Amino acid sequence: MERLDETQNNKHLVLEIDNGTGYYFIDNNFTKLNFFPGIRRDLLLPFNALLISSIVLIVLILLFIVIQYLKTHRKSRKYIYLFVIFLQLFLQLYLSSRLQGAQGVDDFDMRLQIANFIAGNQGWAWYFSWAPQNAGTAWVLAKIVSVLGTNQNSTFILNLINFGFVDVAFLSGWLTLKNLKQDRTAQDLYFVIGNLFSPIWLTALVVYTDVISLTSCMVGVYLLSLIQLQHKKWLKIIVLLLGLAFVFLSYVFKMNAIILTIAVLITVIFALNVSCVKKVKLFIGIMVTLCIFGIAFSSIKKYEHVPQSIMPFTYWLAVSYNNQTDGTVRKGNISTIENVGSTPTKEGRNKYLKKLLKQEINSYTLKDFIVQFLKKINVQWSLGTMGIEHRNYSILRRTNFPYDYIFGSKQIYIRVWSQIIYIIVLVGALTSTIFRFFNGSRENTTIYDLLVLFFLGIFLFHTFFWEVQERYAYIVSVPLLIMGVLGIQDLYNFVLKTDNHGKLKKIKMPLFMGLFGLIILGGMTSNKFQKLGNANPQVVMGQDFVRKGQFKLQSHQKITEKLIVRNSFNSWQLGYLSDHPENLKITVNGENVFNLVNKNFSPGVYQLTVENISNRPNNIYVLKVPYFDLLQKPVDNYSEMFIGISAIKNNSQLMIKPMDWFVIVILLELVTLIEWGIINKMLGDF
């Protein structure tokens, strides 16, 4: 079969990856300190630093109360676990059936390739010449979907598969923590905080490499944590080989997971508490094993005809030092890939990029380097949503209630909640590092060191060498959660030490009065009218995509496609259809499509017609793929052809009024008062 999409004009193949940055700023007014997404991506936190700090403290106190309850009510613990697991699985099933769509570039590219594999088309799409590192994920997912279903229900199945992968990653983290620290308090904290940290789970609703790579990483880490628990040498070898296999698989699925492999080698050299001779033997054995895995992987890629990359590694290095985009592929109207894409050969691109990279670095002063690194850190690590804030669907058949609150216009609630949990996890991770530095570790230090090295490796790799995106933090979300949980447990144990009880009873009044005051001050300094998020139009039905194939529309030939729109909307938006649109007549239910904007349309069945009104053939750009469940029915008489068009709904902007601040402050004060009463009772029970 011919390579898919090869007829597409290069100028229509520009990758439009949605990148950007958060913004961390400090000015003379401390209340404007925001560890939250910033103004460049139009994601503003309605709460200032004082108010969000108050909420973080409230949630942290609530966590302590919940953990203390689980600790003192062991009989109830298993029922609470069962209830939360049942609720989690129910939500996964519900979201898998209700949230069905694709983000666009990357996500839809993967889905198209999976659909082609399931339909029996074994060629690789043009996209995998740019991103061959994503081929492994597409191949694995296609194999699983083909066993469980067809293209008619592939989106639902892919959602379930991804949620299953997240479940395995989360369970692996819990089991790793159990091996790290034989303490139920840490496991309970992990279970509670992990289930509250929504980005870990919601990323499953996008088909890409993040979820499967995280799962491979955590299964590998868990298996490696089992080695020291084995008493027989042959069992240790088997567990080690299995662990290394999953560690290597994580790299197969996502390139930056190579950091975990490096972390394993560093751990063997510096952290493993064995003799030097054993370290050397183990190091050589691991290297030989990884080489064997690498040879096998290369053979599989060759057998499956995975395309070679047409983009040299120097591209991502050059992006890393691009101060106009803050180290991202794209920012606003600036796309780093357009000039590179115009160079016809890989060698030419590499030469151009090396020159560009040299110019960038030579132009930097020490201050410029520091500013660029801080910007990159802020892009990738300031958002607790870890990328889901930009996962809105552009290819879908309908929107609904959960979509609006997860990916749509009302996503602000999840962003705020995720940021609160994220800050708690970061505080915990910092605390665990400090406690273990000064007091020593009481856990399996080798695995803890491995987790820390993995996190630091990803942090340093993207800060100094590679491009940054918010979602690149996702691969260390579970390791970061484990580190955070250990730190929160350290805080919990410190607060509840027997010799501190008397002190705690004495200072609880000023502590809570301080929290009351902090809430009021935060509310007063936030007491103003604010617009939340943006009012960008929302796609309620769409099948337009940047990568298309050509179809020759003969003179006066007419093609039609039936479109079913299940939501009310305001405009039709036609994708790029032709280099000569003046030769086409495009109508929806007989009306010119370009006149059907800013009106009120009801859900229903519409007929899209494209007619060549000229006396010569006209090439039009259409989506040429097998039918699958995110698309409308194909063009009449053509089983694998779809016209790029979307139905758009105008969004009203969420607003927060001065009176709303009063309600927020009252609610926070009420929750704090309830916590005060519970803490009083808990201290009385000690």
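Colleague: Leaving aside neighbours within four places in sequence, which residues is T672 in contact with?

Modeller: First, the basis. This is a predicted model, in which local features need pLDDT of at least 70 and side-chain atom pairs count only at pLDDT 80 or more, while totals for chains, interfaces and linings use all residues. Residues are numbered from 1 along each chain as its sequence is written, and side-chain values use heavy atoms, with hydrogens and water left out. Contact means heavy atoms within 4.5 Å. Apart from those neighbours, T672 is in contact with I58, F512, L515, F516 and I519.

Colleague: Where is T672 placed, and is T672 buried or exposed?

Modeller: Helices (H or I, at least four residues) and strands (E, at least two) are DSSP runs, numbered from the N terminus. T672 is in helix α22, residues 658–685. Buried means under 20% relative accessible area, exposed over 50%, and partly exposed in between, with a 1.4 Å probe and protein chains only. T672 has a relative accessible area of 0%, so it counts as buried. Its C-alpha atom is separated by 9.0 Å from that of I61, 611 residues apart along the chain.

Colleague: How many helices and strands does the chain have?

Modeller: There are 22 helices and 15 strands. Of the 686 residues, 55% are buried. Among contacts with a separation of 6 or more, 80% are between residues 24 or more positions apart.

Colleague: Which residues touch the most other members of the largest nonpolar core?

Modeller: In soluble globular proteins, nonpolar side chains tend to be buried together. A nonpolar core is a set of buried Ala, Val, Leu, Ile, Met, Phe, Trp, Tyr and Cys residues joined through side-chain atoms within 4.5 Å. The largest has 142 residues, and Y190, I193, Y315 and I482 touch the most other members. A second, separate core of 27 residues includes M541, I559, I586 and V610.

Colleague: What is the strand order in the open sheet of four strands?

Modeller: The order is β8-β12-β10-β11, with antiparallel pairing. β8 (558–565) and β11 (591–592) are the edge strands, each pairing on one side only. Eight bridges link β8 to β12, residues 604–612, where G604 is the bridge partner of V565.

Colleague: Which residues lie nearest the centre of the largest cavity?

Modeller: On a 1 Å grid over the protein atoms alone, a cavity is a set of points where a 1.4 Å probe fits but cannot get out; lining residues have an atom within 4 Å of a point. Of the 24 residues lining the largest cavity, Q133, Y208, W316, E467 and Y472 lie nearest its centre.

Colleague: Which residues does H462 touch, not counting residues up to four places away in sequence?

Modeller: H462 touches N256, K376, Q380, E467, V468 and Y472. H462 belongs to helix α19, residues 445–464, and is buried because its relative accessibility is 1%.

Methods
Two strands pair if DSSP finds at least two bridges between them. On a 1 Å grid over the protein atoms alone, a cavity is a set of points where a 1.4 Å probe fits but cannot get out, and a pocket is an open set with protein on both sides within 12 Å along at least five of seven lines; lining residues have an atom within 4 Å of a point.
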